[in-house]
Number of protein chains: 2
Amino acid sequence: MGRLWSPLAAVTSRWQGRANAQIAVAISAASIVPDRPRVLVQIYKENYSHDLIHRSRAFALNFLRKDQLQLIRDFGFVSGGDRDKLDGVEYTEKVTGSPVLKDCLGYLDCRVVNGMDGGDMTCFLAEVLDGYVNPDQEPLTWREARRLIPPEWNEEWSVKIGANIAVSREQMGDIDYTPWIP
Amino acid sequence: MGRLWSPLAAVTSRWQGRANAQIAVAISAASIVPDRPRVLVQIYKENYSHDLIHRSRAFALNFLRKDQLQLIRDFGFVSGGDRDKLDGVEYTEKVTGSPVLKDCLGYLDCRVVNGMDGGDMTCFLAEVLDGYVNPDQEPLTWREARRLIPPEWNEEWSVKIGANIAVSREQMGDIDYTPWIP
């Protein structure tokens, strides 16, 4: 299953003065039409970003370079409910108003067009309205990142994911969410 | 965007005596709970498999080895409406009754738990009920496959995808599908 996760991205969002960044590894291309690019992104309901994305119906994906391991810790190990993770981070905005980080591998600025309840997460389908990705660099995957980060980060992450798994297991519940589209 | 497609899989399905196989490149892991693995799979509405998956609420993913290029052509270049693509192909079944191909890199036997209208495609969220993947082999990506297949297949594929893009463009229409979950 590990081969079915995507490259690492910082997902940024903003709603009424609140902004946040989190790490996501569940991103998929979702269009074969070259001039109508789309993505699917899974966001866990417990994440601070979930409410911002749900309300603003927008987000940006900021793909990480292999030397941006620190961002995994800064954005992925703490909650935006505890502190402003974008404080001191340089960013701009493009079409949707979602923060676009300076100095990443690339970005996709996205507007949500539909959503699906996955129990513990929402799967957002979004149009890519603006974007750029450096074609000469390869994105960073979580499998690579786990080999590159310090051992103490790996331990810290194991504790965090353990707690997340317990929450997800409960929220997944039985199968068949609302609504199934007939 | 090309880096956000998944490894290649033959998606197999069966409903009331009709069975089919198609190629998919839009597959994503969708669970952090180790004993509740899930996947997201995008299936185009025009595909013969779409109806089988929609009705049976099940499918299997059969990941391709790098030497199984012929299956891309056999399953991906023609429609199951025109001929029985599984005729002469060795397969078995596991939990859902979806055909599980013999001699692939691995398989995931999946039951659908929710779906989202994407305009030209449906995004299916599914529980993985059974599966095996050879850990010593790397799956085949479409980027790799395009370099490996004969030039005439690439041309044939370009014609096919051109027609698919025209259909998708029309079916995508304007944004905001039904239903958005508030």
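Modeller: Gladly, and one definition first: helices (H or I, at least four residues) and strands (E, at least two) are DSSP runs, numbered from the N terminus. Two strands pair if DSSP finds at least two bridges between them. This is a predicted model, in which local features need pLDDT of at least 70 and side-chain atom pairs count only at pLDDT 80 or more, while totals for chains, interfaces and linings use all residues. Residues are numbered from 1 along each chain as its sequence is written, and chains are lettered from A and ligands numbered from 1 in the order in which they are written.

Biologist: What average pLDDT does chain A have?

Modeller: pLDDT is the predictor's confidence in each residue, from 0 to 100. In chain A, 95% of the residues score at least 70. For the complex, the predictor gives an ipTM of 0.93 and a pTM of 0.94. The average pLDDT of chain A is 92.

Biologist: Which residue in the turn between strand 8 and strand 9 of chain A has a positive phi?

Modeller: Strand 8 (residues 106–117) and strand 9 of chain A run antiparallel, joined by 11 bridges. A:Asp117 stands opposite A:Thr122 in strand 9 of chain A. The two strands form a hairpin with 3 residues between them, and the residue in the turn with a positive phi, about 90°, is A:Gly119.

Biologist: Strand 4 of chain A also pairs with strand 9 of chain A; over how many bridges?

Modeller: Strand 4 covers residues 38–44 and strand 9 covers residues 121–133, and they pair in the antiparallel sense. One facing pair is A:Ile43 and A:Thr122. The number of bridges between strand 4 and strand 9 of chain A is 7.

Biologist: Which element gives the largest share of the side of chain A that touches chain B?

Modeller: Two residues are in contact if their C-beta atoms, placed from the backbone, lie within 7 Å. By that rule, 40 residues of chain A are in contact with 40 residues of chain B. Strand 3 (27–29), strand 4, strand 8, strand 9 and helix 4 (151–172) of chain A each give two or more residues to this side. The largest share, 6 residues, comes from helix 4 of chain A.

Biologist: How many residues of helix 4 of chain A are buried?

Modeller: A residue is buried if 20 or more other C-beta atoms lie within 10 Å of its own, exposed if 12 or fewer, and partly exposed in between, with C-beta atoms placed from the backbone. Helix 4 of chain A has 22 residues and reaches 31 Å from its first C-alpha to its last. The helix is hardly covered, and its count of buried residues is 1.

Biologist: Is A:Glu93 buried, exposed or partly exposed?

Modeller: A:Glu93 lies in strand 6 (residues 91–93) of chain A. Leaving aside neighbours within four places in sequence, A:Glu93 is in contact with A:Ser98, A:Pro99 and A:Val100. Because A:Glu93 has 14 C-beta neighbours inside 10 Å, it counts as partly exposed.

Definitions and conventions:
The expected span of a helix is 1.5 Å times one less than its number of residues.
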